[in-house]
Amino acid sequence: MGICKKCRKITDLYCWHCQTGICYDCVIDPEHALHYIGSYEEWVDNLEPRPVICGLTNKELTPEDEVIRFKNMQLFLLSAIDEYGKSKPPESTLEGFTIPNTNEPMVPPPDDQSRLAKQIREKLKRYPWIRHLIEKQITQSDLERGKNLFAEPLVKSESILSNKSDLTESDQYSHRAVPRKVATTKTPSTEQTLQDPTVDPHALKSHHTHLREDNMVIQIQITKNINEGQ
Ligand SMILES: [Zn+2]
Ligand SMILES: [Zn+2]
């Protein structure tokens, strides 16, 4: 175990070229793009510099090449990975698309939110043979994260709608400070209606009282959702 020189996180990765510890976030910094990353122990045992080659084509990689680095630190030409992915059965699952010559999936698990993991997903998302699987993984993990936040407030707002009479006086007035823009979409403006000479002022007053009551329920529902959804 060592420490990432840049961000001081504990890491077991070591850049052989820079001779420094490096983590799964900082490894995507451009200066390490073509550096051999292994463990410190490996480096101590074998001081010979390793050529930086594509793990599929054995071509020596240059800064002009578009490459992808997987979690096991192996580098590949992105075009070679595309050919490799296309050769897999189309019904393969995300786990089925393994890093060449290993059993590890190319796409890290959803809870891996390191910059390297995000970069792998971004680069692979260009390819139709895996794009839908990555998008599904992202959507599912977003849903998992959002589930606890939103499930309860939705249930509560339904009960508010069907049970207007349960609202107490203090409940209603504690929610008056809702921004007008949110709550009054269908209410005619007071100025407009008052300028209309055909409108009976008594009927108008009662009309506005009803509108206020209806709006109050909507306001309370919106405010509850906003307050509890955060
Ligand atoms: Zn770092
Ligand atoms: Zn380096």
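Where is the place of Lys5? Select this residue to begin, and you will find Lys5 in the loop between strand E1 (2-3) and strand E2 (10-11), where helices (H or I, at least four residues) and strands (E, at least two) are DSSP runs numbered from the N terminus. Residues are numbered from 1 along each chain as its sequence is written, and chains are lettered from A and ligands numbered from 1 in the order in which they are written. This is a predicted model, in which local features need pLDDT of at least 70 and side-chain atom pairs count only at pLDDT 80 or more, whereas totals for chains, interfaces and linings use all residues.

Stay with Lys5, which is partly exposed, having 15 other C-beta atoms within 10 Å; a residue is buried if 20 or more other C-beta atoms, placed from the backbone, lie within 10 Å of its own, exposed if 12 or fewer, and partly exposed in between. Leaving aside neighbours within four places in sequence, Lys5 is in contact with Thr20, Gly21 and Ile22, a contact being two C-beta atoms, placed from the backbone, within 7 Å. Its C-alpha atom is separated by 8.6 Å from that of Cys23, 18 residues apart along the chain.

In the loop between E1 and E2, select Arg8 next. Arg8 is not a glycine, yet has a positive phi of about 70°, and with 10 C-beta neighbours inside 10 Å it counts as exposed. Most residues other than glycine have a negative phi. Met73, in the loop between strand E6 (67-69) and strand E7 (75-77), also has a positive phi, near 75°, and is partly exposed, with 18 other C-beta atoms within 10 Å.

Now display the open sheet of three strands, whose order is E4-E3-E5 with antiparallel pairing; two strands pair if DSSP finds at least two bridges between them. Strand E4 (20-22) and strand E5 (37-38) stand at the edges, each with a single partner strand, so one side of each has no neighbour in the sheet. Strand E3 (residues 13-15) pairs with E5 over two bridges, and Ile37 in E5 is the bridge partner of Cys15.

Move on to helix H3 (residues 115-124), where Leu116, Ala117, Ile120, Arg121 and Leu124 are buried. These residues lie on the same side of H3, because they cover an arc of only 140° around the axis, taken from the directions from the helix axis to the C-beta atoms.

Finally, colour by pLDDT, the predictor's confidence in each residue, from 0 to 100. The protein chain averages 77, and 64% of the residues score at least 70. Over residues 155-201 pLDDT stays under 50, and the model has 34 contacts there beyond four places in sequence.
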